[in-house]
Amino acid sequence: MTIMAIYLADKNLEPIAEKVLAGERLTREDGHALYASFDLPGIGTLANHVRERLHGSKTYYNINLHINPTNTCFMSCRFCAFGRKAFNEKSYILKPEEIVERARLRMPKGCSEIHLVGGLDPRLKIEYYCGYISALKAAFPEVHIKTLTPVEVVFIARMSKMTIGQVIERLADAGMGSMPGGGAEIFDSEIREQICEHKCDAEGWFETHRELHTRGFKSNCTMLYGHIEEPRHRIDHLLRLRDHQDLYGGFQCFIPLSFHPANTAFSHLPGPSGFLELQTIAISRLMLDNIPHIKAYWIMLGIKQAQVAQWLGANDIDGTVVHEEIYHDAGAKTPLGMTVADIQRTIRECGRTPVLRNTIYEELPEPAAVG
Ligand code: SF4
C-alpha cells in the first residue's frame, strides 16, 4: 500500500502514514499528533494496515472463565466499584474448594483458561493463593491458570515478607501458567497519586513483569483510560510498555480498558467517548509495534464497539468469560458472558475470521458444533 492509497482528511498525519507504511517506529511526538487528530478513519486505516500485516483477517477469541477469589480490598482506588471493605456485608473470600466448585459449575465446554483476579486483603498470605491454584490444577489439569495482577503480587510479597521473585516462583510451583496485565491504570505518578495512591507504583508493576518474563512466563498489559488522564499520559504509558517489551519481551497482548464511572468515586465523570475508545485502540496498534496483539475487550467496550474495533487495529476480542463482576459493578451494560456461538457470530458479522486460541495464542481447532 502507498500513501496515495490512503485518504487522510488530516494532512498533518502524512509523515506518520509514511512511517507506518515503511514499518518505522513512531515517536512520542507522533503519538501526540495522533491523539490531537480527529481523523479517526485515517488513523484507523493505518492501524488496520498494521493489524492485517500481522494477522490478516483473523480475530482471536478463547473459551475462558473468570472467577474473583475475593472482592475484599484494603485499597480505595477511585475508579473502582468492585473492592469492598472487610466489614461490608457484600464482601467475600472464597475458599479454594469453593473456587473449584464454582469452576466446576460454570466452566464452559472446551474451556482452556481460568482467569482469576481479586482485591487486596492483608489477611491472605501466599498460602491462600497457592492453595487455590493447586486445587484448580488438581481438578482441571488441562486448564491454564492465568492469575494475579502485579498489584496483587506486590501486595502478597509485602504481606508474606517475600521478594516478588520468590512469590512468582511459589505461584509457578503451584501451577500458575501466566499473569493478566491489570493494575497498570496510568503509569504517570501524578495521575496515579490521584486515582490509586496506595497501590503499587509503575516501578512495582514493571518489576513484577520483569521477574515474570525473565523466568520465561508470558503476560498481558493494560491501560485504564478515559478518567482524569490527558493524551500525553496515555502516550507515555504506551511508550513505557514498548520500552519494557524491547528489553524483556513477554507481553502477548495489550488491552486498553475503557473507564466505567458508575458506583466509583469518579461517578461524576462522563467516562470516555466512543470516539476516544476507537481512537485509543488504533493509536495503541500504531505505537506498540512490538506487542503482537491488541484486544478489544467486549465486556468493557460493548459488543458493537468491539466489532468496529476489528477494523481499527484490534485483532482479539477476549472470550466467553461466563461471569464478569469487576466492570459490571461499575455499570457495564454488556452480558456477563457470551457463548462460543455468540462470539463466532459477533466476529463473522464484522467480516473477520474467528480463530480459537489458548492463553498463549496457540491456535486451536474451531469447536465443530458451532463452527
Ligand atoms: S482496583 Fe483493585 S486494588 Fe484498587 S480498590 Fe479495586 S480491587 Fe482494590
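**Overall fold, a parallel sheet and the ligand shell**

The chain comprises 14 helices and eight strands. With a radius of gyration of 20 Å, close to the 21 Å given by the globule rule for 371 residues, the chain is as compact as a globular protein of that length. The model described here is predicted. The C-alpha trace extends over about 60 × 50 × 40 Å along its principal axes, and 50% of the 371 residues are buried. Of the contacts between residues at least 6 apart in sequence, 77% link residues at least 24 apart.

Three strands form an open sheet in the order β5-β6-β7, and their pairing is parallel. Strands β5 (219-225) and β7 (293-294) lie at the edges, each pairing on one side only. Between β6 (residues 251-258) and β7, the parallel pairing is made over two bridges; Phe254 has Ile294 in β7 as its bridge partner. Helix α10 (residues 231-248) packs on this sheet, where it touches β5 and β6, and its direction makes about 170 degrees with that of β5. A further helix, α11 (residues 274-287), lies across β5, β6 and β7 and runs at about 160 degrees to β6.

The ligand is surrounded by residues from several parts of the sequence, including Cys73, Met75, Ser76, Cys77, Cys80, Phe82 and Gly83. Gly119, Leu120, Val151, Cys196 and Lys199 also belong to these surroundings. By residue class, the shell around the ligand contains eight nonpolar, three polar and one charged residue.

Key. Residues are numbered from 1 along each chain as its sequence is written. This is a predicted model: local features need pLDDT of at least 70, side-chain atom pairs count only at pLDDT 80 or more; totals for chains, interfaces and linings use all residues. A residue is near a molecule or strand if its C-beta atom, placed from the backbone, lies within 6 Å of it. Ala, Val, Leu, Ile, Met, Phe, Trp, Tyr, Cys and Pro count as nonpolar, Asp, Glu, Lys and Arg as charged, and the others, Gly among them, as polar. Helices (H or I, at least four residues) and strands (E, at least two) are DSSP runs, numbered from the N terminus. The radius of gyration is taken over C-alpha atoms; the globule rule is 2.2 Å times the number of residues to the power 0.38. A residue is buried if 20 or more other C-beta atoms lie within 10 Å of its own, exposed if 12 or fewer, and partly exposed in between; C-beta atoms are placed from the backbone. Two residues are in contact if their C-beta atoms, placed from the backbone, lie within 7 Å. Two strands pair if DSSP finds at least two bridges between them. Axes are lines fitted to C-alpha atoms, for helices over the stretch in contact, and angles run from 0 to 180 degrees between N-to-C directions.
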